[in-house]
Amino acid sequence: MRYSWGRWLLITLLVVSLCLATMAGWVLRDLPLAREVVELTIEPGTSVRGIAQNSVDSGIEVNPSVLYWFIRLSGQSRLLRAGSYEVKTGESAWDLLQKLSRGE
């Protein structure tokens with residue numbers, strides 16, 4: 001019995017590690033953009049879901065649900081600021097989140 005629990009624990013840890021590595025890879029890879037520079041405008045009072053959809057509508061080619069959950073799970077969703085932003089080729093989802101939370 002002990003062997004089977006240890007085996008399942010190992011498999012679970014491997015699956016969790018793989019999921020975390022995949023998420024980290026997505027967060028740190030360059031965002032696919034429709035143009036070299038994407039202009040993103042966030043109006044005051046826009047929800048996190050609205051920010052994610054607005055990002056996609058502006059030319060950031062990601063799934064808005066994935067971007068929404070990334071922002072929510074980051075713990076910084078309450079820090080996002082309204083404003084106009086430029087997202088350039090070579091920037092990651094993490095870079096975008098930092099811009100939005102700092103108001104840069």
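This is a predicted model: local features need pLDDT of at least 70, side-chain atom pairs count only at pLDDT 80 or more; totals for chains, interfaces and linings use all residues.
**Entry 1: the buried face**
I looked up which residues of α2, residues 48-58, are buried, and found V48, I51, A52, S55 and S58. I then viewed the helix down its axis: these buried residues fall within an arc of 130 degrees, so they line one face of α2. The general rule I had in mind is that an α-helix has 3.6 residues a turn, so residues three or four places apart point the same way.

**Entry 2: what the buried residues pack against**
I checked the partners of the buried residues of α2 and listed β1 (37-42), α3 (64-74) and α4 (93-102).

**Entry 3: α2 with α3**
I took the angle and the distance, since two packed helices are described by the angle between their axes and the distance between the axes. For α2 and α3 the packing angle is about 135 degrees, and the axes are 8 Å apart. That angle makes α2 oblique to α3. The crossing of α2 past α3 is right-handed. On the α2 side I noted V48, R49, A52, Q53, S55 and V56, which meet P64, L67, Y68, I71 and R72 in α3. By class, this contact of α2 with α3 has seven nonpolar, two polar and two charged residues.

**Entry 4: S55**
I picked out S55, which lies in α2. Is S55 buried or exposed? S55 has a relative accessible area of 1%, and under 20% counts as buried, so S55 is buried. Leaving aside neighbours within four places in sequence, I found S55 in contact with L40, I60 and L67.

**Entry 5: after the helix**
I looked just past α2 and found G59 with a positive phi of about 130 degrees.

Notes:
Residues are numbered from 1 along each chain as its sequence is written. Side-chain values use heavy atoms; hydrogens and water are left out. Buried means under 20% relative accessible area, exposed over 50%, partly exposed in between (1.4 Å probe, protein chains only). Helices (H or I, at least four residues) and strands (E, at least two) are DSSP runs, numbered from the N terminus. The arc is that of the directions from the helix axis to the C-beta atoms. Contact means heavy atoms within 4.5 Å. Axes are lines fitted to C-alpha atoms, for helices over the stretch in contact, and angles run from 0 to 180 degrees between N-to-C directions. Angles under 35 degrees count as roughly parallel, over 145 as roughly antiparallel, 65 to 115 as roughly perpendicular and the rest as oblique. A crossing is left-handed if the near helix is turned anticlockwise from the far one by less than a right angle, and right-handed if clockwise. Ala, Val, Leu, Ile, Met, Phe, Trp, Tyr, Cys and Pro count as nonpolar, Asp, Glu, Lys and Arg as charged, and the others, Gly among them, as polar.
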